[in-house]
Every structure is written in C-alpha cells, then in structure tokens.
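Please keep the sequence and the coordinates at hand while reading.

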Amino acid sequence: MTQQLNWTDVFTNENEAVEAFKNFRTKKGIVCKKCNETKHYWLAGKKQFQCSACRFRTTLRSGTLLEGSKLPISYFFIAWSLLIKNENQVTLEEFQLQTKHKYYEPLWEYLHKVKTHFKHEDAAKMAGEFVEITQTFPLYKPLNN
Ligand SMILES: [Zn+2]
C-alpha cells in the first residue's frame with residue numbers, strides 16, 4: 001500500500017530539501033561567476049558546487065532567490081507547494097502555520113521572494129516542475145501511484 005503524503009510534510013526535512021534545491025539549481029543551470037563555465041561538480045560534504053574549469057565554488061543559495069536568507073531551504077518547498085495547491089495564493093498566516101516558524105518578519109520576506117520568483121509561471125508548469133525535482137526522494141510518493 002502506498003502511503004499518501006502531504007507535500008508540505010515531506011519538506012520539513014532539511015536534508016531532503018537541500019537535495020531537492022540542488023536539483024532545482026542543476027536543472028536551471030549553474031554558471032561560474034569567475035569563468036562562466038557551466039559544468040559543475042557537487043561537493044556533498046560542503047553542499048557547494050565546484051566549477052569543473054577553475055574550481056571556483058558556488059554555494060547552494062548563491063545567485064538564487066534564497067541568497068542571503070538564513071531560513072531553512074525546506075521553507076522554499078513548503079511555499080512552492082502551497083502556491084501550487086492554492087493557485088498562486090498563499091497568505092502569510094498559512095505559510096507560518098506550515099513552517100511552524102516563530103517570527104513573522106523574516107517569513108514575510110521569504111514568502112515574498114518565492115511569490116516573486118513564481119509570479120509569471122502557470123500552475124501546471126509549477127506543479128510539473130515540483131514533481132520532477134522532488135520525485136527522487138524516498139519520502140516523496142506521488143499521489144495515485
Ligand atoms: Zn569557473
């Protein structure tokens with residue numbers, strides 16, 4: 001029997017979220033800031049990408065919407081799944097409820113960044129990409145599978 005999981009339950013695990021965010025970045029392509037090379041290796045221990053040409057390292061959040069944020073990467077997937085579920089409408093209250101984060105202020109900024117990132121995406125594309133990026137995870141079981 002396949003257990004059905006709520007998407008937001010899956011991504012309270014930060015290690016899985018890091019893996020998923022790595023996939024998210026890899027899919028979009030990483031460009032070395034130093035030499036413009038696009039081929040990178042993943043340094044699992046450091047959770048950084050390393051340029052295959054000049055060995056320059058790119059952190060997971062660098063150059064993304066999460067650059068500078070100290071909040072967990074899992075929140076990105078929580079926000080993303082809520083946006084899909086609610087057709088691009090997510091209130092700060094719901095985001096706070098799902099993340100169980102204590103403080104309002106950093107959450108507001110985080111959610112705003114995620115909303116801005118997905119502003120021009122259509123719901124079907126967002127859902128498809130979400131599944132594609134997260135389907136390799138042991139915790140994730142697509143519904144109806
Ligand atoms: Zn490079």
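Two strands are said to pair if DSSP finds at least two bridges between them. Helices (H or I, at least four residues) and strands (E, at least two) are themselves DSSP runs, numbered from the N terminus. The model is predicted, so that local features need pLDDT of at least 70 and side-chain atom pairs count only at pLDDT 80 or more, while totals for chains, interfaces and linings use all residues. Residues are numbered from 1 along each chain as its sequence is written.

Strand S1 (residues 40-43) and strand S2 (residues 48-51) pair in the antiparallel sense, over four bridges. One of the residues involved is His-40, whose bridge partner in S2 is Cys-51. Four residues lie between the strands of this hairpin, in which Lys-47 takes a positive phi near 55°. Together with S3, these strands form an open sheet of three strands, antiparallel in its pairing and ordered S1-S2-S3. S1 and strand S3 (57-59) stand at the edges with a single partner strand each, and therefore one side of each is left without a neighbour in the sheet. From one strand to the next, the twist averages 30°; angles run from 0 to 180 degrees between N-to-C directions, and axes are lines fitted to C-alpha atoms, for helices over the stretch in contact.

Within strand S2 lies Gln-50. A residue is buried if 20 or more other C-beta atoms, placed from the backbone, lie within 10 Å of its own, exposed if 12 or fewer, and partly exposed in between. Gln-50 counts as partly exposed because it has 16 C-beta neighbours inside 10 Å. Residues are in contact if their C-beta atoms, placed from the backbone, lie within 7 Å; leaving out residues up to four places away in sequence, Gln-50 touches His-40, Tyr-41, Leu-43, Arg-55 and Arg-57. The C-alpha atoms of Gln-50 and Cys-32 are 8.5 Å apart, although 18 residues separate the two along the chain.

Most residues other than glycine have a negative phi. Asn-36, which is not a glycine, has a positive phi of about 70°; its place is in the loop between H2 and S1, and it counts as exposed, with 10 C-beta neighbours inside 10 Å. Arg-55, in the loop between S2 and S3, has a positive phi near 70° and is exposed, with 12 other C-beta atoms within 10 Å.

The helices come next. Helix H4 (residues 92-99) packs with H5 at an angle of about 110°, their axes being 10 Å apart. H4 and H5 are therefore roughly perpendicular to each other, a term for angles of 65 to 115 degrees, whereas those under 35 count as roughly parallel, those over 145 as roughly antiparallel and the rest as oblique. Leu-92, Phe-95, Gln-96 and Thr-99 in H4 meet Tyr-104, Leu-107, Trp-108 and Leu-111 in H5.

The last subject is the core. A nonpolar core is a set of buried Ala, Val, Leu, Ile, Met, Phe, Trp, Tyr and Cys residues joined through C-beta atoms within 7 Å. The largest one has 21 residues, and Phe-76, Ala-79 and Trp-80 have the most contacts inside it. Helix H2 (14-28), helix H3 (74-85) and helix H5 (104-118) are the elements that give two or more residues to this core, the largest share, nine residues, coming from H3. Apart from its neighbours within four places in sequence, Phe-76 is in contact with Phe-21, Leu-66 and Val-114.

Key. Contact = placed C-beta atoms within 7 Å.
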